[in-house]
Amino acid sequence: MTIAAEIQDTCVPKESLAVWSLGQAGFVFKSSKGTVVYVDPYLGDSCNQLYGLERLLAPPLAASAVRADFVLATHNHADHLDPDAFPVIARHNATALFIGPSSCTNAMRELGIPASQTYTLNHDDVLHSGSVRIHATFAHHVWGDPDDAPDAVGYMIDFGDVRAYISGDTLYHARMEGIADLQPHLAFICINGRWGNMPAPEAAHLATILRAQAAVPTHYNMFANNTADPADFSSALASESGTVQPLVLTPGQRVLYPERDAS
Ligand SMILES: [Zn+2]
């Protein structure tokens, strides 16, 4: 079965969340209510065209096969808001809502996504829609470089029974410690340790401060010059506290959290 078909066919049990990694910082979530949320799907090859950065992992599904209720971008860099993938996804998802901070929704409209299908969430803005609550959280993707993304966000997505925090690209910042109040069950945190992102030890520290039950390392294995070893994140989590379980996802493979049988 293709992963597009699997996402469509998966019936998620109550109090659980299905998650698929797309590689880099891309994830698909499906809730027990059937809501499908994509975050930062890098499904094209735009970083190769723009910067000569070849992808090391093939996309687990084609942009044209995406069927989503919400498509979120954390910031306007091509490995997150992919200018190849987003317009194709929009053409096949006439009722999906495309969400991001101002720089992203501007870029989405420039890519031809209808304004009526875009919705801006800047730091601390919240959208309640259907059975999900999407809260744009503070991120600090600023490292004194022309590529700085000062309005980059993370997201806390409350699916009704499971809450997932996605850091987006960010350095460690004390302001993110307040996200603990939103009580994430799952935390997805970047670990690549360069160009404005945390290294594994800081990512593990953040997951521990947030008191997540499990933490997923992100942003590695896609580009040869910008990767990290997820095993370093797992061992950093163990030495931080041992209370947050590492959850290393294989691109394209379905995981249910908490672990249980799906149909
Ligand atoms: Zn990135």
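User: Happy to look at this one with you! In β14, which residue is the bridge partner of leucine 17?

Analyst: Good place to start; keep in mind that this is a predicted model. Leucine 17 belongs to strand β1, residues 17-23, which pairs with β14 in the antiparallel sense over four bridges. Within β14, the bridge partner of leucine 17 is tyrosine 257.

User: What is the strand order of the open sheet of seven strands?

Analyst: The pairing in this sheet is mixed. Neighbouring strands are turned by 25° against each other on average, direction ignored. Read across the sheet, the order is β6-β5-β4-β3-β2-β1-β14.

User: Which strands stand at the edges of that sheet?

Analyst: Look for strands with a single partner strand, so that one side is left without a neighbour in the sheet.

User: Nice. What angle does the direction of helix α4 make with that of β6?

Analyst: Helix α4 covers residues 102-110 and packs on the sheet. Its contacts there are with β5 (97-100) and β6. The angle between the directions of α4 and β6 is about 160°.

User: Zooming out, what radius of gyration does the protein chain have, and why does it agree with a compact globule?

Analyst: The C-alpha trace spans about 45 × 45 × 35 Å along its principal axes, and 48% of the 263 residues count as buried. A compact globule with 263 residues would have a radius of gyration near 18 Å, so the chain's value agrees with that expectation. The radius of gyration of the protein chain is 17 Å.

Terms used
Residues are numbered from 1 along each chain as its sequence is written. This is a predicted model: local features need pLDDT of at least 70, side-chain atom pairs count only at pLDDT 80 or more; totals for chains, interfaces and linings use all residues. The radius of gyration is taken over C-alpha atoms; the globule rule is 2.2 Å times the number of residues to the power 0.38. A residue is buried if 20 or more other C-beta atoms lie within 10 Å of its own, exposed if 12 or fewer, and partly exposed in between; C-beta atoms are placed from the backbone. Two strands pair if DSSP finds at least two bridges between them. Helices (H or I, at least four residues) and strands (E, at least two) are DSSP runs, numbered from the N terminus. Axes are lines fitted to C-alpha atoms, for helices over the stretch in contact, and angles run from 0 to 180 degrees between N-to-C directions. Two residues are in contact if their C-beta atoms, placed from the backbone, lie within 7 Å.
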